[in-house]
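I opened the model to look up its salt bridges, a surface patch and the ligand site. My notes follow.

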Amino acid sequence: MIQICNVSMSYQKDSTALIDLTIRIPKGDFVYLTGASGAGKSTLLKLLYGAEKPTRGQILIDGQNITRLRSSRIPHLRRRIGIVFQDFKLLNSRTLFENVAFPLEVQGRKRFEISTKVYQALKHVGLHGKLHRFPLQLSGGEQQRAAIARALVGDPMILLADEPTGNLDDEVTQEIMELFKGANARGTTVILATHNRDLIRQFPRRVLLLDKGRLKEDYTP
Amino acid sequence: MLDRVRCLMRRVWRNLKQSPVLCTAAIGTVAVALTIIAFFGIVVLNVQQVTRQWSQDIQVIAYLEQSPSASQIQAWTAKIKAMPEVEKVVFVSRDEAFRRFQKRLGPDAELLEGFGPEILPAAMEITLKPPYRNQAGVGELVGRLRQDANFSDLTYEQEWLTRFDAFIGLLKLGGVIFGGFLLFAALFIVANTIKLTLYARRDEIEIMGLVGGSSMYIKTPFLLEGALQGLVGGLLAVAGAFGLFQWLLKEGLAGFLLISGIGHILFLSLPQQLLLVAAGTALGLLGSAASLRKFVRI
Ligand SMILES: Nc1ncnc2c1ncn2[C@@H]1O[C@H](COP(=O)(O)OP(=O)(O)OP(=O)(O)O)[C@@H](O)[C@H]1O
Ligand SMILES: [Mg+2]
């Protein structure tokens, strides 16, 4: 359960990126975060994984107030959250396997456990045949799936995805949405930021529409 | 635990392998900076040797009006010896003084023909302990001696002492300022070189943070790497300083020192060499820590 209570956020003094948001997202929900460019979608995601702090208001995840978190506790928050970044953020100097292994390595998991889990995660996204390729040797869609594999490898409670279908064709978009639905079906709360309306029409789920930092609409089509 | 250490070593090794040029640059800066410091240190060390030699000449001489009896000599020697500033007291009899004088005159000794030891006074030659071999120490001792009427005729080289004091003071001040400046400059340069290596890996650092790496987890290999680079740089600096010492300093200093009557030119002692290596390690560690603060924000 994610509770966002009267949250405002401004990067600079005179401009506000988010204004007085109040949102409840129950466990296991699938939510689209949508709105024009600059509406504050990425900013809200950043607040959720602790990269920024709100200037006002509270955010609770499973009853824990993450806006009051000491910085030393933030890593523990992030281990429960899988993030798919708009620009993937894969390391070009590491193989696909190493990239996906990263979150587990950081947590100090055993090597044997890491190998098994990484293989499973890559198999799940259909990339288990390309373990030793480097990101730049993969297509855009494959990189996107690699990023998703990395986000899901640690079995997160929450999956945050920022424009995960940015410039992919319809077919690849379908494949990727299946991955998100699959993760959601296994109990992960999914929050997907996008301005692709076709996507919402094709896979209708709850929609949070932001407009210049305000929550304009919250509906389930 | 063993697994963790092995994993850490792997990460350090990977980092070193990934950017050998920057790594070499970091080691190089530490090495060069510390070599300069060591070079300077060797010079100071040997100049100190000279001043220590010179300071042995700092004496206070008390001329005695009459030749004292053996028991008097004994009593006075004991009395002077008990003073806190005094290292050594030597009684110089008239005969002894006369012999020395003759020797000093050398071929001109015949000038003394017809004169006897009675023309020279007997004296107590007082050498000071090293910490008192300066103007203030001599002043204190002279004050103490004057309280005894037997030692009223005192000589010491006032003007020379003043200059010696000024020289030592200048040397110390120069050492502190120059050494401090060099260390600070070294830290600055090393920190910036390490910042470059971190900059080259900023993506990795960012992603480690985003997937839940703790601050410690992210920083440790970089700190270790910095320390390692500093250690290697420090070792190279010892070698470099030795090279410079053999090639440049030994001849140059020898000329200067031999005039001053010192036959042996010093290189850094083993503890000083270890200190240099430790300084390199600390430099690398501090440099990494300072740069990491800017890159790791969790
Ligand atoms: N790091 C930052 N510093 C200052 N202002 C920022 C920063 N990041 C975003 N902003 C501002 O905050 C507002 C919201 O930005 P945000 O990135 O959340 O929008 P978005 O909805 O994700 O847009 P897009 O669809 O283009 O990704 C914008 O006005 C933007 O200019
Ligand atoms: Mg955005």
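I take a salt bridge to be a side-chain nitrogen of Lys or Arg within 4 Å of a carboxyl oxygen of Asp or Glu. The model is predicted. By that criterion I find a network of salt bridges linking B:Glu96, B:Arg99, B:Arg100 and B:Glu125. Over all chains the structure holds 19 salt bridges.

I looked at B:Arg100 and B:Glu96, whose closest N and O atoms are 3.5 Å apart. Both sit in helix H4 (residues 94–105) of chain B, four residues apart, about one turn of the helix. B:Arg100 is partly exposed at 35% relative accessible area, and B:Glu96 is partly exposed at 28%.

Next I checked B:Arg201 and B:Glu225, a salt bridge with its closest N and O atoms 3.3 Å apart. This pair links distant parts of the chain: B:Arg201 is in the loop between helix H6 (158–200) and helix H7 (202–210) of chain B, and B:Glu225 is in helix H8 (residues 215–259), 24 residues apart. I note that both B:Arg201 and B:Glu225 are buried.

On the surface I found a nonpolar patch of B:Met1, B:Val5, B:Met9 and B:Leu224, with about 400 Å² of accessible area together. B:Met9 belongs to helix H1 (residues 2–18) of chain B and is partly exposed at 45%.

Last, I went to ligand 1. The shell around ligand 1 has four nonpolar, seven polar and one charged residue. An oxygen atom of ligand 1 lies 2.4 Å from a side-chain N or O atom of A:Thr43. Taken alone, ligand 1 exposes 630 Å², of which the protein buries 62%.

How values were computed: Residues numbered from 1 in each chain as written. Chains lettered and ligands numbered in written order. Predicted model: local features only at pLDDT ≥ 70, side-chain atom pairs only at ≥ 80, totals over all residues. Heavy atoms only, no water. Polar contact = N/O pair within 3.5 Å; in protein donor to acceptor, adjacent residues only side chain to side chain. Areas by Shrake-Rupley, 256 points an atom, 1.4 Å probe, with all protein chains shown as cover. Nonpolar A, V, L, I, M, F, W, Y, C, P; charged D, E, K, R; others polar. Patch = residues over 30% accessible without salt bridge, like charges linked within 9 Å, V, L, I, M, F, W, Y side chains within 5 Å. Helix = DSSP H or I, 4+ residues; strand = E, 2+ residues; numbered from the N terminus. Buried < 20%, exposed > 50% of the residue type's maximum accessible area, 1.4 Å probe, protein only.
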